[in-house]
Amino acid sequence: MNRLPIKDPEESVVIEFDFSAEAASVSSPLVVASIEYSGPDDADPAPMAVLSGVPQVLGASVLQRVQGGIAGTDYGLRCLAITEAGDALVASAVLPVREKP
């Protein structure tokens with residue numbers, strides 16, 4: 001699983017799921033977020049809230065804006081996309097949320 005750069009809870013950034021090794025283009029993206037790891041007192045009751053807006057397709061890449069999150073939590077992000085041949089592909093990543101100094 002790909003580990004993304006650390007994101008501060010105050011930041012809003014766009015992440016990319018790159019399917020170019022498997023397809024020239026993709027469509028119909030679906031991104032879901034779950035808890036990969038959290039401290040014992042920091043459980044996020046709504047991990048999907050880190051996703052902001054709908055995913056966008058740019059050729060063989062899916063772009064998703066992420067925001068907020070609880071510091072100390074690693075979010076598991078999973079992206080499903082359909083190729084021009086009709087194949088379903090999945091890419092996943094871990095988004096660590098930490099307060100930056």
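Tutor: Before we look at any residues, keep one definition in mind, namely that two strands are taken to pair if DSSP finds at least two bridges between them. Keep in mind as well that this is a predicted model.

Student: In strand 5, which residue is the bridge partner of Leu 51?

Tutor: The bridge partner of Leu 51 in strand 5 is Val 66. That bridge belongs to the pairing of strand 4 with strand 5, residues 61-67, which runs in the antiparallel sense over 5 bridges.

Student: How should I read the sheet, and in what order do its strands stand?

Tutor: In general, the strands of a sheet pair through backbone hydrogen bonds, in either a parallel or an antiparallel way. Here 3 strands make up an open sheet with the order 2-5-4, and their pairing is antiparallel. Strand 2 (12-18) and strand 4 (51-58) stand at the edges, and because each has a single partner strand, one side of each is left without a neighbour in the sheet. From one strand to the next, the twist averages 20°.

Student: Turning to side chains, how many salt bridges does the model contain?

Tutor: The general idea is that side chains of opposite charge can pair when their charged atoms come close. With a cut-off of 4 Å between a side-chain nitrogen of Lys or Arg and a carboxyl oxygen of Asp or Glu, the count comes to 3 salt bridges.

Student: Which side chain meets Arg 3 in a salt bridge, and is Asp 74 buried or exposed?

Tutor: Arg 3 meets Asp 74, at 3.5 Å from N to O. Since Arg 3 lies in strand 1 (residues 2-3) and Asp 74 in strand 6 (residues 73-83), the pair ties together parts that are 71 residues apart in sequence. Asp 74 has a relative accessibility of 8% and therefore counts as buried.

Student: Which residues does Arg 98 join in a network of salt bridges?

Tutor: The side chain of Arg 98 forms a salt bridge with Asp 74 at 2.7 Å, N to O. This pair links distant parts of the chain, with Arg 98 in the segment after strand 7 and Asp 74 in strand 6, 24 residues apart. Through shared partners, salt bridges join Arg 3, Asp 74 and Arg 98 into one network. Arg 98 itself, at 26% relative accessibility, counts as partly exposed.

Student: Where in the chain do Lys 100 and Glu 11 lie?

Tutor: Their side chains meet in a salt bridge of 3.1 Å, N to O. Lys 100 lies in the segment after strand 7 (88-97), while Glu 11 lies in the loop between strand 1 and strand 2, 89 residues apart. Lys 100 is partly exposed, with a relative accessible area of 42%, and Glu 11 is partly exposed at 28%.

Technical notes
Residues numbered from 1 in each chain as written. Predicted model: local features only at pLDDT ≥ 70, side-chain atom pairs only at ≥ 80, totals over all residues. Heavy atoms only, no water. Helix = DSSP H or I, 4+ residues; strand = E, 2+ residues; numbered from the N terminus. Axes fitted to C-alpha atoms, helices over the stretch in contact; angles between N-to-C directions. Buried < 20%, exposed > 50% of the residue type's maximum accessible area, 1.4 Å probe, protein only.
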